[in-house]
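Welcome to a short tour of a protein model. Have the sequence and the 3D view ready, and follow along one topic at a time.

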Amino acid sequence: MHNMPADPTLHHAPPQGFIRKYIFSIDHKVIGKQYYALGLVAVVTGMVLSWIMRVHLGWTNARIPGVGFFTPAGAPGGLMTPELYLQIMTMHATLMVFFVLTVAPFAAYGNFFLPIQVGAEDMPFPHINMMSFWVTLVAFCVLVSSFFVGDGPTLAGWTSYAPLSAVGAAAGPGQGTGQVLWAVSIAIFCVGQLLGSLNFIPTTLDLRAKGMTFSRMPYTVWAWFITSLMGLTAFAVLMPACVLLILDHVAGTSFFVASNLVVNDQLVPHAGGSTLLWQHLFWFFGHPEVYIAIVPGMGIVSHVLSTNLRRPLLSYKVVIGSMLTIAFLSYMVYGHHMFVSGMNPVSSLAFSFPTLIITIPATIIVLIWLGSIYKSRLRINSASLFALGFISMFISGGISGFFLAQPTIDIMLHATYFVVGHFHLVMAVAAIFGIFAGTYFWFPKMFGRMLDERLGKIHFWLTFVGAYCIFMPFHYLGFAANVRRYQAFVDDYTVHLIPVHRFITIAALATGAAQFIFLYNIIHSRFWGKPAPENPWEATSLEWTIPSPPPFDNFGGKHPIVTHDAYQYGVDGPDGKDYVMQDAPEGIAPQAPAES
Amino acid sequence: MAKLLAVTIIIIAIGSAIPIVGHYWEAPANVSTHGHLIDDQMSDTMVETGICFLVSQIILAVFIWKYANRGREHRIGRLPGGALGLVILAFLVVGSEVIALGVLGTHAWAEVYFKPPGPNAMPVQVQAGQFAFYFRYPGPDGVFGPIHPDMISEATENFFGLDTTHDAASKDDIVTAEMDIPINREIHLLMHSKDLGHSFFVPAMRIQQDFVPGLDLSLHFTADKIGRYEIVCTQLCGLGHYNMKAYLSVLSPDDFDKWLKQEAALQ
């Protein structure tokens, strides 16, 4: 660390008072924590909703106490109605995809650590950053408010396919006010994430410390940077799509509604719209969104794994190149959601090939992780366990993608539980394992307290085994042509699958309950955990050169000078250490790790 | 703990494969002439991806077992071949899978979607709506009467909006709630939705196609086994989505003719 005068254009004074410090804060670290808290509230809500769904799917006639609370129409005698099931399903998915999988790995960790890891004092536009969080919170409140208005939230699923989502209340419960609130919420959410991207990109490009070249940036910085670029284009398409959807509801336009539709025995007064237009716009966002959820996880796992393998990954450039390739290809694959949608069947083949090809960079990253474990000095702790769990889940979920990438096979697997199993493993569970790895790794830095490692390991074991017990059987159900988004299984050929659903339900309840160990751990440790040292994991990147938790201006008025790449592990470092910090004086250690 | 994790990963990997190898839960057996192409493609994919899944999970487990908790006395080693070797491996393995499955698999897709129906294919129209399918046969004149959306009514049971008073072609049209077809005769299914997005999925027939409001779509297939099969909706269409179903009966040609006459008499 070198004493350097702080750049006056970036410096903002220490926050004064509770409100400026913790509520309307412009400090990227506080904003990161706010996003994390929002993610926690959303994930607990989403998980409780999934429990209700699972109990209902396992035991359709079971009375679930309190379930009537979720809509004004209620659930007579605690018995779930078909529409309530779909409404809960829609809210579960929307909360999880937008307010957990986008918010936690990208907005929460990215806000907290991106500026620190590049050696900056804050983001370039702190007020816009603050706005990004508060706008996202408004989006969350608007979404949740739909539980309490009209006839409840929309039942159209998180994909909100038109015209179900566009023709209004005639299409069913929640399709009036609830559907409009959904579209308003998502449009606002897009604004929040666009504002976030507008900060992440210049932070990476312009605010890097001296010596922090692109090739010295931690994997996480690259991951958040790439995610920002994806977010900038993806959310910029979803937002206007949502605005058009709102207009179809409130202004009588017909963007997504074709002529001569008869809903509920009434001729719909719309004409000339295109049903498939919504699907194209939605999936142009929706597929990059999958990578928005998972690329930060890839970065976190690469970062956590390097530290705990005590060696750099086999090739920095190959990992970064693969992430960039995935991001680039993510725009060319979205049509694989639409193979049987009525789109031109030639297009299906055109979308199939990039979808198959995107597995090459993904495979390369997995092989680099695997090959880097070879002859390493792998340390086992909660963070590395979740990183290893991520790899296992990513392999399982990624490989099942090979089925869905083929239009021929999609004829049988489209809209079945196979899809549910696939995307949960690869973008939900894997991404959440990335979030957990990040939490166990960075919590000491964020809060200045260590998490309880013993509880962390128990949490890992229950979650790892539990997640496989939930999501692997989904694939078997899909092979048996069990259609998703059904509130009950009344088809003759699916009746024998109900025991599998019951097994999944029990696994889901148990695995969900195990998450309370994690909640207890973070809440208890936040206040009563062992004080964290500056660098508990013997890591090299800049966040470990400053106190835990960091001061408001990160580097205490100094500007770090970076002299080494981010992963100098397995070297003969100073003081008998096996690593060299990024800001250690030059020439202190060989650049290449010692090898046998 | 590392060794326990390694063993757990191997148990999960092998345990996950057991229900698939043991054929515990499978889709209804194929009854269409093109279905074996899809089934073969599925089996080939299963074998190739199954091997990749097991090998990669086992390598992960073995490496965790061998290299966890090693002290400073062990030098860090480099995988023979390094990153370049892995990149080449990925291109070779995944690339060959892409070619094997992606390119060859287009054959089955083309069979279903690129080949037009034969001249003798029997036309059947299906209309989807919340939450039922209705079918229409053109009758002796071989022509479907025009649809008048403003006349569509569940209340009057004019499901297709036919004007039998003014449209001659509509007079002999046969509207049914079940789809019956003759065995070994190609069916040209003409699909449209009256209201929202729906889908036409017959697992046993190996066909699935969405209905797109505003678009007329079609499918063609031939059933080669007599029996009664379920048609289900796979596109979320509202609260009754789970219960939107119909039956497809494959009959002998004689039985089919008999059934069609009975249905015509009921119109």
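In chain A, the residues Met47(A), Ser50(A), Trp51(A), Arg54(A), Val55(A), Leu57(A) and Gly58(A) of helix α2 meet His501(A), Arg502(A), Ile504(A), Thr505(A), Ala508(A), Leu509(A), Gly512(A) and Gln515(A) of helix α15. Two residues are in contact if their C-beta atoms, placed from the backbone, lie within 7 Å. This is a predicted model, where local features need pLDDT of at least 70 and side-chain atom pairs count only at pLDDT 80 or more, while totals for chains, interfaces and linings use all residues. Residues are numbered from 1 along each chain as its sequence is written, and chains are lettered from A and ligands numbered from 1 in the order in which they are written.

**Helix α2 against helix α15 in chain A**

- By class, the contact of α2(A) with α15(A) has seven nonpolar, six polar and two charged residues. (Ala, Val, Leu, Ile, Met, Phe, Trp, Tyr, Cys and Pro count as nonpolar, Asp, Glu, Lys and Arg as charged, and the others, Gly among them, as polar.)
- Helix α2 covers residues 28–58 of chain A and helix α15 covers residues 498–528 of chain A; their axes come within 8 Å and cross at roughly 155 degrees. (Axes are lines fitted to C-alpha atoms, for helices over the stretch in contact, and angles run from 0 to 180 degrees between N-to-C directions.)
- α2(A) and α15(A) are therefore roughly antiparallel. (Angles under 35 degrees count as roughly parallel, over 145 as roughly antiparallel, 65 to 115 as roughly perpendicular and the rest as oblique.)
- The crossing in which α2(A) passes α15(A) is left-handed. (That means the near helix is turned anticlockwise from the far one by less than a right angle; clockwise gives right-handed.)

**Another helix pair in chain A**

- Helix α6 (residues 219–250) and helix α8 (residues 316–329) of chain A pack with axes 10 Å apart, at an angle of about 15 degrees.
- This angle makes α6(A) roughly parallel to α8(A), and their crossing is right-handed.
- On the α6(A) side, the residues are Tyr219(A), Trp222(A), Ala223(A), Ile226(A), Leu229(A) and Met230(A), and they meet Val319(A), Ile320(A), Met323(A), Leu324(A) and Ala327(A) of α8(A).
- By class, this contact of α6(A) with α8(A) has 11 nonpolar, no polar and no charged residues.

**Where chains A and B meet**

- How many residues does the contact take from each chain? There are 94 from chain A and 91 from chain B.
- α10(A) gives the most to the side of chain A that touches chain B, with 10 residues.
- The side of chain A that touches chain B divides into 62 nonpolar, 21 polar and 11 charged residues.
- The axes of α11(A) and helix α2 (residues 35–67) of chain B come within 9 Å and cross at roughly 170 degrees, which makes α11(A) roughly antiparallel to α2(B).
- Among the residues of α11(A) in this contact are Leu388(A), Ile391(A) and Phe403(A), and those of α2(B) include Thr45(B), Phe53(B) and Ile64(B).
- The contact of α11(A) with α2(B) has 10 nonpolar, six polar and no charged residues.

**Overall build of each chain**

- Chain A has 15 helices and two strands, while chain B has five helices and 10 strands. (Helices (H or I, at least four residues) and strands (E, at least two) are DSSP runs, numbered from the N terminus.)
- The C-alpha trace of chain A spans about 80 × 50 × 50 Å along its principal axes.
- Chain B has a radius of gyration of 26 Å, but a compact globule of 267 residues would have one near 18 Å.
- Chain B fills a box of roughly 95 × 40 × 30 Å with its C-alpha atoms, taken along the principal axes.

**Backbone details to look up**

- Most residues other than glycine have a negative phi, and most peptide bonds are trans.
- Ser548(A) and Pro549(A) are joined by a cis peptide bond, with omega about -10 degrees; Pro549(A) is in the segment after α15 of chain A.
- Ser160(A), a residue other than glycine, has a positive phi near 45 degrees.

How values were computed. The radius of gyration is taken over C-alpha atoms; the globule rule is 2.2 Å times the number of residues to the power 0.38.
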